[in-house]
Amino acid sequence: VFGIARVDAAGALDTAFGNGGYNTSVDFGPRPSFGIVYGASVIAPRPGGGWLVGGPAPGGRIGLVAFTATGAVDPAFGGGGTFAFDPNPRSYDIVVTRLVPLRDGATLVVGFQGRTRGVLAKVGADGRLVPGFGKGGSLIVSGRSLGVDEVDSLLDAVEQPDGRIVVAGAYYERLRDTIGMLAFRLRRDGRIDRTFGPKRRR
């Protein structure tokens with residue numbers, strides 16, 4: 001279930017928001033028998049007001065739900081207020097760590113799959129993948145593409161004034177069995193910017 005709630009300054013539910021302070025009316029479908037946790041895990045403000053809530057959904061998908069400033073599901077977003085997509089059909093174990101509002105009104109979805117690869121996607125204000133970003137709107141980031149063994153996780157991102165995006169996370173080194181900090185930059189079209197960092201890999 002994907003939902004949202006709002007409390008007042010005293011910590012009580014704000015009954016003017018949603019249905020008595022909350023709205024948990026969205027369900028992306030039945031859960032499989034194996035133990036993967038689904039549901040909302042991140043939230044970000046929407047341009048013009050309201051909130052975007054996201055997290056892992058059944059079927060290896062990423063689910064997004066748009067709420068208005070009053071806590072109602074916004075039917076103008078995606079299909080009746082929701083949007084779900086599968087960035088990598090070969091993996092079910094997906095974690096969504098951040099929703100980053102971008103200056104053009106879109107949102108960058110940040111996450112990872114199986115602690116071996118990163119996931120990035122650009123979703124427009126209309127609730128659809130932006131086709132000019134990555135491959136059809138999303139990008140799978142492998143360790144090989146960044147010159148490391150494995151991408152352990154992608155945790156955050158920030159948009160630069162020129163529209164390029166710096167992404168932060170962690171990588172895994174098999175030989176030493178260690179995890180280290182990872183940072184790379186994307187061009188506006190979602191391709192990895194090889195001019196960023198001390199090593200320029202072609």
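How many bridges pair strand E9 with E10, and in which sense? Strand E9 (residues 117-123) and E10 pair over 5 bridges, in the antiparallel sense. The views below come from a predicted model.

**View 1. Strands E9 and E10 as paired neighbours.** E10 covers residues 138-142.

**View 2. An open sheet of 4 strands.** The order is E7-E8-E9-E10. Pairing is antiparallel. The edge strands are E7 (94-101) and E10 (138-142). Each edge strand pairs on one side only. From one strand to the next, the twist averages 20 degrees.

**View 3. The salt bridge between Arg 103 and Glu 159.** The closest N and O atoms of this pair are 3.8 Å apart. Arg 103 sits in the loop between E7 and strand E8 (107-113), while Glu 159 belongs to strand E11 (residues 150-159). The pair therefore ties together parts that are 56 residues apart in sequence. Is Arg 103 buried or exposed? Arg 103 counts as exposed, because its relative accessibility is 53% and the cut-off for exposed is over 50%.

**View 4. The salt bridge between Arg 6 and Asp 14.** Here the closest N and O atoms are 3.0 Å apart. Arg 6 has 32% relative accessibility and so counts as partly exposed. Asp 14 is also partly exposed, with a relative accessible area of 22%. Both values fall between the limits of 20% and 50%, hence the label.

**View 5. A salt-bridge network around Asp 162 and Arg 164.** The side chains of Asp 162 and Arg 164 meet in a salt bridge, at 2.8 Å from N to O. Across the whole structure, a search finds 12 salt bridges. Among them are Asp 162 with Arg 164, Arg 103 with Glu 159, and Arg 6 with Asp 14.

**View 6. A nonpolar surface patch.** Val 7, Leu 13 and Tyr 22 make this patch. The patch has an area of about 280 Å². Val 7 lies in the loop between strand E1 (2-5) and strand E2 (22-26).

Notes. Residues numbered from 1 in each chain as written. Predicted model: local features only at pLDDT ≥ 70, side-chain atom pairs only at ≥ 80, totals over all residues. Heavy atoms only, no water. Patch = residues over 30% accessible without salt bridge, like charges linked within 9 Å, V, L, I, M, F, W, Y side chains within 5 Å. Areas by Shrake-Rupley, 256 points an atom, 1.4 Å probe, with all protein chains shown as cover. Salt bridge = Lys/Arg side-chain N within 4 Å of Asp/Glu carboxyl O. Helix = DSSP H or I, 4+ residues; strand = E, 2+ residues; numbered from the N terminus. Pairing = 2+ DSSP bridges. Axes fitted to C-alpha atoms, helices over the stretch in contact; angles between N-to-C directions. Buried < 20%, exposed > 50% of the residue type's maximum accessible area, 1.4 Å probe, protein only.
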